[in-house]
Amino acid sequence: MATCATVLTLFCIIISISGTIAGRGNTTAASPTPAPAPAPSNGGGGGRKGGGGGGGGESFVVQGKVYCDPCRIQFPTKISYPVPNTKVILSCRERENDAETFTVEGTCDSNGMYSITASGDHEEEICDVRVTESPDKKCPEVMDDESSSRVSLTDKNGVRGKTRMANPIGFMVKEVDPRCKDILAEIGIMGY
(Lines give C-alpha, C1' and ligand atoms only; values in the text may rest on other atoms or scores of the structure.)
Protein backbone atom coordinates (compact mmCIF):
# COMPACT_ATOMS: atom_id res chain seq x y z
CA MET A 1 0.00 0.00 0.00
CA ALA A 2 2.88 2.36 0.76
CA THR A 3 4.24 1.74 -2.73
CA CYS A 4 0.92 2.79 -4.30
CA ALA A 5 0.91 5.96 -2.23
CA THR A 6 4.46 6.73 -3.30
CA VAL A 7 3.65 6.24 -6.97
CA LEU A 8 0.48 8.33 -6.68
CA THR A 9 2.36 11.13 -4.93
CA LEU A 10 5.08 11.11 -7.62
CA PHE A 11 2.43 11.23 -10.34
CA CYS A 12 0.72 14.23 -8.73
CA ILE A 13 4.00 16.12 -8.40
CA ILE A 14 4.94 15.46 -12.00
CA ILE A 15 1.53 16.64 -13.18
CA SER A 16 1.79 19.82 -11.15
CA ILE A 17 5.24 20.60 -12.56
CA SER A 18 4.88 19.67 -16.19
CA GLY A 19 1.21 20.38 -16.75
CA THR A 20 0.82 17.46 -19.14
CA ILE A 21 1.90 13.90 -18.68
CA ALA A 22 1.73 11.53 -21.57
CA GLY A 23 2.78 7.89 -21.52
CA ARG A 24 6.21 7.09 -22.98
CA GLY A 25 4.70 5.33 -25.95
CA ASN A 26 1.93 7.85 -26.45
CA THR A 27 3.33 11.35 -26.42
CA THR A 28 0.75 12.74 -28.75
CA ALA A 29 -2.03 13.89 -26.44
CA ALA A 30 -3.34 17.30 -27.36
CA SER A 31 -4.63 19.53 -24.61
CA PRO A 32 -8.36 20.19 -24.95
CA THR A 33 -7.84 23.84 -23.99
CA PRO A 34 -4.26 24.58 -24.98
CA ALA A 35 -2.39 27.36 -23.26
CA PRO A 36 -0.99 30.09 -25.48
CA ALA A 37 2.08 28.67 -27.15
CA PRO A 38 5.27 30.54 -27.84
CA ALA A 39 5.73 31.55 -31.45
CA PRO A 40 7.24 28.77 -33.54
CA SER A 41 10.99 28.99 -33.40
CA ASN A 42 12.29 27.01 -36.31
CA GLY A 43 15.87 28.09 -36.16
CA GLY A 44 16.46 27.47 -39.83
CA GLY A 45 18.41 24.59 -41.24
CA GLY A 46 15.33 22.39 -41.04
CA GLY A 47 13.69 20.41 -43.71
CA ARG A 48 13.44 17.09 -45.40
CA LYS A 49 16.44 14.86 -45.85
CA GLY A 50 16.24 11.83 -48.05
CA GLY A 51 12.95 10.68 -49.52
CA GLY A 52 10.89 9.51 -46.54
CA GLY A 53 7.65 10.76 -45.10
CA GLY A 54 4.57 12.19 -46.68
CA GLY A 55 4.39 15.52 -48.32
CA GLY A 56 1.57 17.84 -49.04
CA GLY A 57 0.57 20.77 -46.93
CA GLU A 58 0.24 18.87 -43.66
CA SER A 59 2.07 20.17 -40.64
CA PHE A 60 2.20 19.44 -36.92
CA VAL A 61 3.26 21.61 -33.99
CA VAL A 62 5.39 19.88 -31.35
CA GLN A 63 5.41 21.60 -27.96
CA GLY A 64 7.28 20.78 -24.80
CA LYS A 65 9.46 21.93 -21.94
CA VAL A 66 13.18 21.74 -21.16
CA TYR A 67 14.11 21.67 -17.47
CA CYS A 68 17.04 21.29 -15.09
CA ASP A 69 16.99 18.48 -12.52
CA PRO A 70 18.85 19.63 -9.39
CA CYS A 71 18.32 16.21 -7.72
CA ARG A 72 19.80 14.06 -10.52
CA ILE A 73 16.79 11.72 -10.43
CA GLN A 74 15.71 12.42 -14.03
CA PHE A 75 12.15 13.50 -13.37
CA PRO A 76 10.78 16.93 -12.42
CA THR A 77 10.49 17.92 -8.76
CA LYS A 78 9.28 21.11 -7.14
CA ILE A 79 12.80 22.59 -7.32
CA SER A 80 13.33 21.76 -11.00
CA TYR A 81 13.57 24.88 -13.13
CA PRO A 82 13.27 25.74 -16.83
CA VAL A 83 16.32 26.04 -19.08
CA PRO A 84 15.68 28.94 -21.47
CA ASN A 85 17.45 29.39 -24.82
CA THR A 86 18.06 25.66 -25.24
CA LYS A 87 18.39 24.38 -28.81
CA VAL A 88 15.85 21.60 -29.41
CA ILE A 89 16.08 19.24 -32.40
CA LEU A 90 13.09 17.42 -33.90
CA SER A 91 14.12 14.62 -36.23
CA CYS A 92 12.45 11.67 -37.94
CA ARG A 93 14.09 8.52 -39.25
CA GLU A 94 13.07 5.45 -41.19
CA ARG A 95 12.12 2.45 -39.06
CA GLU A 96 14.02 -0.09 -41.14
CA ASN A 97 17.44 1.51 -41.51
CA ASP A 98 17.53 4.57 -39.19
CA ALA A 99 18.16 6.90 -42.13
CA GLU A 100 17.23 10.44 -41.13
CA THR A 101 14.36 11.76 -43.26
CA PHE A 102 13.47 15.06 -41.58
CA THR A 103 15.05 17.48 -39.12
CA VAL A 104 14.22 20.93 -37.81
CA GLU A 105 15.56 22.97 -34.89
CA GLY A 106 13.91 25.32 -32.45
CA THR A 107 14.85 27.29 -29.36
CA CYS A 108 13.19 27.44 -25.95
CA ASP A 109 11.68 30.69 -24.72
CA SER A 110 12.37 32.28 -21.31
CA ASN A 111 10.10 29.67 -19.64
CA GLY A 112 11.94 26.71 -21.16
CA MET A 113 9.02 26.06 -23.53
CA TYR A 114 9.44 25.30 -27.22
CA SER A 115 7.09 25.07 -30.18
CA ILE A 116 8.41 23.53 -33.39
CA THR A 117 6.49 23.15 -36.64
CA ALA A 118 7.09 19.94 -38.59
CA SER A 119 5.98 19.70 -42.20
CA GLY A 120 4.59 16.55 -43.74
CA ASP A 121 3.04 13.34 -42.43
CA HIS A 122 5.58 10.94 -40.91
CA GLU A 123 3.36 7.89 -40.40
CA GLU A 124 6.03 5.34 -41.29
CA GLU A 125 8.85 7.06 -39.38
CA ILE A 126 10.12 7.33 -35.82
CA CYS A 127 10.25 10.96 -34.65
CA ASP A 128 11.93 12.32 -31.53
CA VAL A 129 12.58 15.72 -30.05
CA ARG A 130 15.90 15.98 -28.19
CA VAL A 131 18.40 18.28 -26.56
CA THR A 132 22.16 17.99 -26.93
CA GLU A 133 23.83 20.85 -25.05
CA SER A 134 22.76 22.98 -22.11
CA PRO A 135 23.15 26.75 -22.23
CA ASP A 136 23.04 26.74 -18.39
CA LYS A 137 26.57 26.25 -17.00
CA LYS A 138 25.09 25.29 -13.58
CA CYS A 139 23.12 22.46 -15.23
CA PRO A 140 25.40 21.04 -17.92
CA GLU A 141 24.78 17.28 -18.04
CA VAL A 142 22.38 15.77 -20.58
CA MET A 143 20.06 13.31 -18.83
CA ASP A 144 20.41 9.62 -19.68
CA ASP A 145 16.67 8.90 -19.64
CA GLU A 146 15.10 12.30 -20.30
CA SER A 147 17.14 13.84 -23.12
CA SER A 148 14.62 12.90 -25.82
CA SER A 149 10.90 12.32 -26.22
CA ARG A 150 9.11 10.36 -28.94
CA VAL A 151 6.30 12.11 -30.83
CA SER A 152 3.86 10.85 -33.44
CA LEU A 153 3.66 13.10 -36.48
CA THR A 154 0.72 11.63 -38.34
CA ASP A 155 -3.04 11.97 -38.26
CA LYS A 156 -3.51 8.36 -39.38
CA ASN A 157 -3.24 6.84 -35.89
CA GLY A 158 -6.46 8.11 -34.31
CA VAL A 159 -4.94 11.18 -32.65
CA ARG A 160 -6.91 14.30 -33.48
CA GLY A 161 -5.50 17.75 -33.94
CA LYS A 162 -2.18 19.04 -35.17
CA THR A 163 -0.54 19.76 -31.81
CA ARG A 164 1.68 17.15 -30.19
CA MET A 165 2.83 17.51 -26.58
CA ALA A 166 6.23 15.98 -25.87
CA ASN A 167 7.30 14.76 -22.43
CA PRO A 168 9.61 17.13 -20.51
CA ILE A 169 13.28 16.73 -21.43
CA GLY A 170 16.40 18.24 -19.96
CA PHE A 171 19.65 18.36 -18.07
CA MET A 172 21.11 17.66 -14.61
CA VAL A 173 23.42 19.50 -12.25
CA LYS A 174 26.80 17.95 -11.39
CA GLU A 175 26.25 18.06 -7.61
CA VAL A 176 22.93 17.16 -5.97
CA ASP A 177 21.13 20.08 -4.33
CA PRO A 178 21.04 19.60 -0.50
CA ARG A 179 17.26 20.22 -0.51
CA CYS A 180 16.67 17.05 -2.53
CA LYS A 181 16.81 14.64 0.41
CA ASP A 182 13.86 16.36 2.10
CA ILE A 183 11.95 16.85 -1.16
CA LEU A 184 12.28 13.18 -2.09
CA ALA A 185 11.34 12.10 1.45
CA GLU A 186 8.14 14.16 1.08
CA ILE A 187 7.14 12.05 -1.89
CA GLY A 188 8.11 8.77 -0.27
CA ILE A 189 11.55 8.17 -1.76
CA MET A 190 13.82 7.23 1.13
CA GLY A 191 17.53 6.54 1.36
CA TYR A 192 18.57 9.12 -1.19
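## Strand β2 and its surroundings

In this predicted model, β2 and strand β11, which covers residues 169-172, pair in the parallel sense over four bridges.

β2 pairs with β6 in the antiparallel sense over seven bridges, and in β6 the bridge partner of Gln63 is Ser115. Strand β3, made up of residues 81-82, pairs with β2 in the antiparallel sense over two bridges, and Tyr81 in β3 is the bridge partner of Cys68.

A further antiparallel pairing is found between strand β4, residues 87-94, and strand β5, residues 100-107, which are joined over seven bridges. In this pairing Ile89 stands opposite Glu105 in β5. The hairpin of β4 and β5 has five residues between the strands, and in that hairpin Asp98 takes a positive phi near 65 degrees.

A polar atom of the His122 side chain lies 2.9 Å from the backbone oxygen of Ser119.

Side chains of opposite charge can pair when their charged atoms come close. The structure holds eleven salt bridges, and one of them is formed by the side chains of Glu58 and Lys162, with an N to O distance of 3.4 Å. This pair links distant parts of the chain, 104 residues apart, with Glu58 in the loop between β1 (47-48) and β2 (59-69) and Lys162 in the loop between β9 (148-151) and β10 (163-165). Glu58 is partly exposed, at a relative accessible area of 21%, and Lys162 is likewise partly exposed, at 35%.

Lys162 also forms a salt bridge with Asp155, the closest N and O atoms being 3.2 Å apart, and Asp155, at 33% relative accessibility, counts as partly exposed. Through salt bridges that share partners, Glu58, Asp121, Asp155, Lys156 and Lys162 are joined into one network.

Another salt bridge brings together the side chains of Arg150 and Asp128, at 3.1 Å from N to O. This pair, too, links distant parts of the chain, since Arg150 belongs to strand β9 and Asp128 to strand β7, 22 residues apart. The two partners fall into separate accessibility classes: Arg150 is partly exposed, with a relative accessible area of 41%, whereas Asp128 is buried, with a relative accessible area of 10%.

Technical notes. Residues are numbered from 1 along each chain as its sequence is written. This is a predicted model: local features need pLDDT of at least 70, side-chain atom pairs count only at pLDDT 80 or more; totals for chains, interfaces and linings use all residues. Side-chain values use heavy atoms; hydrogens and water are left out. A polar contact is a pair of N or O atoms within 3.5 Å; within protein, one must be able to donate a hydrogen and the other to accept it, and residues adjacent in sequence count only if both atoms are side-chain atoms. A salt bridge is a side-chain nitrogen of Lys or Arg within 4 Å of a carboxyl oxygen of Asp or Glu. Buried means under 20% relative accessible area, exposed over 50%, partly exposed in between (1.4 Å probe, protein chains only). Two strands pair if DSSP finds at least two bridges between them.
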